[in-house]
Amino acid sequence: MKYINKSLFLSIALALPAIPAMAQETTDADISTPDQVQVAFRQVDKQAINGGVSVYNPEDYSKTNYNRYVKDGLSGYVNGLENGTSIWGMSEALVLIDGVPRSMDDVTMDEVEQITVLKGANAVVLYGAQAAKGAILITTKRGQSGDRKISLKIQQGISEAKSYPSYLNSADYMTLYNEARQNDGLDALYSTEKIANYRNGSHLIYPDVDYFSDDYLNRFAYNTDGSAEFTGGSENAQFYSEIGFHQGTSLLKVGEADNEKDTRFNVRGNVDMRINDFITSSVDASVILYSNRTGLGDYWGAASTIQPQKYVPLIPISAIESDDLASQAMANASRNVIGGRYLLGGSQEYLTTPFSDLYAGGYNDFKSRNFQFLNTINIDLDKVLKGLNVVTRFNVDYATSYNQSINNSYAVYQASWKEYLGETVLGQLTKYGNDSRSGTQNVSNSASRRNIGFTVQANYTADLGQDHKLTTTLVGVANNVKQSGIFQPYTNSHVGLSADYSYKNRYYANFSGAMMSSSKLPSANRLGFSPTASLGWVMSQEDFMKEIAWINYLKVNASAASVKTDLDIMDYYLYDNAYNQGDSFTWDDGSRSNNASTSQRGQNDDFKFATRNELTLGFDALLFKNRLNVRADVFMVRMEDMPEQAYNAYPGYYNDFVPFANSACNEYRGFDFAIDYKEQFGKVTFDAGLNMTYAATEVIDKDELYLDSYQNRVGKPINAMFGLETEGFFNSEDEIAQHAEQTFGQVQPGDLKYKDQNNDGVIDSKDEVEIGNWSAPCFFGLNLSAGYKHFTLFLQATGQFGGDSMKNTDYYWVDGDDKYSDEVLNRWTPETKETASYPRLSANNNPNNFRSSDFWTYSTDRINISKIQLTYEMPSHFLKGTFVKNLLFYVNGSNLLTIAKNKSTLDLNVGSTPQMRYYNLGFSANF
């Protein structure tokens with residue numbers, strides 16, 4: 001049969017693995033050759049790209065650096081991309097999977113054929129306003145012609161915590177808390193005898209809970225990953241399907257936490273088919289099932305806040321005396337006897353504890369279900385007009401999530417102890433609360449998201465003589481996203497046009513533009529035109545370059561763009577005035593009342609799109625017999641007409657009526673480059689890659705009004721950090737008296753001293769200056785691999801420079817009844833004032849010390865040894881005569897080492913799951 005009957009369409013889609021050997025027709029989403037690059041709505045030759053685009057082909061690295069997750073795979077490889085989703089220092093880029101806006105988490109690297117990072121505005125404009133800050137195109141694999149092929153990957157791994165928080169034990173906490181109270185002029189709370197008992201006595205009687213000990217935590221967590229791929233095809237239909245699985249465990253080993261695991265199961269499949277002589281179609285479907293089962297409570301959060309002496313986690317029943325009938329009765333009546341030996345510990349202050357939650361509280365199972373469907377139809381109209389075809393795409397994505405939990409109540413017990421015949425025994429058991437298990441499974445936090453989209457495009461290619469080629473794409477896009485809990489659906493619709501011209505494959509020109517539409521704007525301003533243009537010149541084809549033997553290929557390019565966007569308009573109807581219900585008032589001699597209406601903002605009928613104005617220059621070169629590839633882009637981007645409420649442009653009494661206006665402007669400028677070098681020395685192959693992105697930011701215009709220019713945000717980085725400049729500690733009352741008055745509470749020796757920037761004799765918010773940059777402007781990745789015979793060793797290093805952060809959590813800002821971390825050990829005291837690196841302790845709140853200042857800032861400069869992998873590929877002659885065509889084994893480690901001045905701070909998570917170091921062993925086989 002020459003063509004597939006249309007009635008078979010559905011049955012083919014549902015029986016992907018069962019289809020016999022078939023071949024493939026190239027569709028819009030395919031990558032037919034390594035030199036083909038998927039860009040917006042079309043494929044082009046690499047040579048035809050006029051800059052602002054980076055390409056990642058996973059197949060090039062799959063044998064040396066296996067990654068399951070897309071973000072991990074991109075890390076360290078793509079110039080212009082920062083932290084996996086940010087391009088040129090701007091906020092998160094739009095992610096599209098096979099042309100549909102989706103999440104990067106919806107796909108694994110095993111399913112991916114190519115990833116294209118569209119950095120320049122000229123490259124993204126066809127995707128409309130939603131892509132104005134860049135786009136990441138993920139193209140999934142498709143079926144191939146020929147015999148059926150099967151590939152299998154299995155990976156088993158372990159992971160360990162890089163670092164845990166370090167807190168004082170009970171005795172040391174009590175000692176220093178007494179010191180803190182004495183600093184505040186208060187009496188000591190803990191006696192010397194009591195502190196000694198907590199230091200030397202039984203922790204059953206004198207608790208000293210270390211939440212990070214191996215009593216409660218496993219050394220390793222475990223994970224298993226696997227995937228199987230199937231592909232095949234005939235002349236008229238091809239299929240691809242992938243089945244993936246992941247399961248991981250927790251570090252916790254207490255109660256229900258020992259059952260904690262997250263599980264992901266996914267199936268992706270697609271069918272490409274020829275309907276008749278001029279129509280081809282494809283169907284793509286993906287299902288993702290995810291479950292994350294955890295014990296109740298917030299163990300990591302509690303571990304960072306509850307002091308070690310507060311309660312005993314478990315009370316041994318054996319400690320109850322046989323003649324203590326009341327306590328024995330309590331123990332016998334408990335429904336939560338842990339291991340047949342222990343009662344749940346607690347106190348009147350702690351009626352629930354993180355341990356009791358895990359042992360008896362129940363569990364929570366977060367579940368999500370994600371279904372994605374895409375249908376593409378390609379109509380070849382070559383008989384109507386040579387070079388013309390029309391493509392339509394229709395997608396429906398639907399995702400749901402909810403929590404499924406068992407919530408139990410439980411009793412906790414507190415023991416008092418007494419001396420009996422020279423021994424300390426349990427004197428009395430006090431019960432708080434009751435055990436209750438309803439047996440009811442609760443469902444909560446249900447959420448859903450639906451994405452429906454339709455795209456139609458017309459492509460026309462014309463050969464205008466032997467040397468001229470013109471390719472045009474006209475596209476119309478509409479999609480609608482409805483999310484539970486959000487009344488207004490997000491809609492995106494636009495029309496775009498791209499025209500590519502080349503002459504002798506030497507000179508290239510592109511014009512791309514789009515007419516944007518946004519429902520976030522007043523009706524008169526809802527349309528906006530976005531023009532872009534780019535030029536490319538392959539200089540190496542010129543006669544004057546041909547004599548330069550070491551230059552094999554050199555192309556330079558330039559682009560300019562002005563793209564409209566509503567990404568920074570954070571809500572709907574911001575152009576309209578808005579009123580809230582205010583306080584009530586009475587009238588008619590108090591016999592009647594009404595609520596007042598208060599204004600939230602004024603109206604602005606001129607409210608409009610923000611605009612991304614951009615200029616870029618770039619080049620791509622192959623040098624020294626194609627061994628060295630260098631690619632670079634220089635960019636200058638201005639985000640103009642950004643929305644803000646310009647309060648300083650109006651008198652203060654008008655604040656409630658200030659409208660949103662298009663008056664803010666930010667600038668991003670810098671460069672990115674990638675260098676790849678390949679060499680062979682006998683039987684040794686060597687590959688090296690270095691990429692770097694530098695993106696400096698600056699506030700160009702902003703509504704602000706400061707008395708002192710040093711406080712202006714204009715002219716400084718967008719994410720500039722502001723705070724006070726410190727001048728050390730106050731070491732005496734005389735020093736405090738002679739210094740400018742600090743207005744953040746009572747100041748004592750041992751408190752931080754701040755600089756009076758404006759010399760007005762007062763330290764307040766007017767003395768805050770720029771003290772750092774929250775965002776690092778510079779990122780790099782280094783990739784090295786060396787191969788010898790069947791072995792390959794790979795190393796990847798990544799890093800960032802120029803950024804800062806602040807130690808502003810309770811782990812560092814310790815006052816009041818906070819849990820004391822090791823940070824306080826080198827505190828200021830009269831004896832240590834010359835060497836102290838931490839302010840004096842206080843049992844009260846201390847707003848003078850714990851506020852934004854350069855005392856707490858630290859550099860986030862770092863180099864990470866991100867990945868090391870050793871791979872062994874089985875020699876082909878070993879597999880001869882078997883059904884296995886290719887077999888390789890690998891062992892790798894990731895997130896291995898941080899090289900930084902502030903390594904201990906950068907490696908530390910407080911109040912959440914720790915940062916992990918991963919080790920994996922796996923194999924890959926093709927059949």
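This is a predicted model: local features need pLDDT of at least 70, side-chain atom pairs count only at pLDDT 80 or more; totals for chains, interfaces and linings use all residues.
If you want one spot to look at, find V55, whose bridge partner in β8 is T116. β3 and β8 belong to an open sheet of five strands, and reading across it you get the order β3-β8-β9-β6-β7, with mixed pairing. The edges of that sheet are β3 and β7 (100-101), each of which pairs on one side only. When you look at a sheet like this, keep in mind that side chains in a regular strand alternate between the two faces of the sheet.

W88 sits in the loop between β5 (86-87) and β6 (94-97), and its phi is positive, about 55°, although W88 is not a glycine. W88 also counts as buried, because its relative accessibility is 0% and the cut-off for buried is under 20%. The other residue is D98, found in the loop between β6 and β7. D98 is not a glycine either, and its phi is positive too, near 55°. With 7% relative accessibility, D98 counts as buried.

Next, hop to strand β17, residues 362-380. β17 and strand β18 (residues 388-407) pair in the antiparallel sense over 19 bridges. To see how they line up, look for G362, which stands opposite N407 in β18. β18 also has a partner in strand β21 (residues 441-463): the two run antiparallel and are joined by 18 bridges. Here you can pick out S401, whose bridge partner in β21 is A447.

Now for some charged side chains. In general, side chains of opposite charge can pair when their charged atoms come close. How many salt bridges does the structure hold? The count is 37. Take D225 and R68 as an example: their side chains meet in a salt bridge, with 3.3 Å from N to O. D225 lies in strand β11 (residues 221-233), while R68 is in the loop between β3 (53-56) and α2 (70-74), so this pair ties together parts that are 157 residues apart in sequence. Are these two residues buried or exposed? Both D225 and R68 are buried.

Strand β11 gives you another example. E229 forms a salt bridge with K153, and their closest N and O atoms are 3.4 Å apart. This pair also links distant parts of the chain, with E229 in strand β11 and K153 in strand β10 (residues 146-161), 76 residues apart. E229 and K153 are both buried.

For another salt bridge, find D764 and K766, whose side chains meet at 4.0 Å, N to O. D764 is buried, with a relative accessible area of 16%, whereas K766 counts as partly exposed, at 36% relative accessibility.

N892 is buried, because its relative accessible area is 4%. What joins the side chains of N892 and Q869? It is a polar contact of 3.1 Å. Leaving aside residues up to four places away in sequence, N892 touches several others, among them Y66, Q155 and Y918.

Finally, step back and take in the whole chain. It has 11 helices and 45 strands. Its radius of gyration is 33 Å, close to the 30 Å that the globule rule gives for 927 residues, so the chain is as compact as a globular protein of that length. Along its principal axes, the C-alpha trace spans about 105 × 75 × 75 Å. Of the 927 residues, 51% count as buried. The chain exposes about 42,600 Å², and carbon and sulfur atoms supply 53% of that area. As for who touches whom, take the contacts between residues at least 6 apart in sequence: 70% of them join residues at least 24 apart.

Definitions and conventions: Residues are numbered from 1 along each chain as its sequence is written. Side-chain values use heavy atoms; hydrogens and water are left out. Helices (H or I, at least four residues) and strands (E, at least two) are DSSP runs, numbered from the N terminus. Buried means under 20% relative accessible area, exposed over 50%, partly exposed in between (1.4 Å probe, protein chains only). A polar contact is a pair of N or O atoms within 3.5 Å; within protein, one must be able to donate a hydrogen and the other to accept it, and residues adjacent in sequence count only if both atoms are side-chain atoms. Contact means heavy atoms within 4.5 Å. Two strands pair if DSSP finds at least two bridges between them. The radius of gyration is taken over C-alpha atoms; the globule rule is 2.2 Å times the number of residues to the power 0.38. Accessible areas come from the Shrake-Rupley method with a 1.4 Å probe; for residues, only the protein chains shown count as cover.
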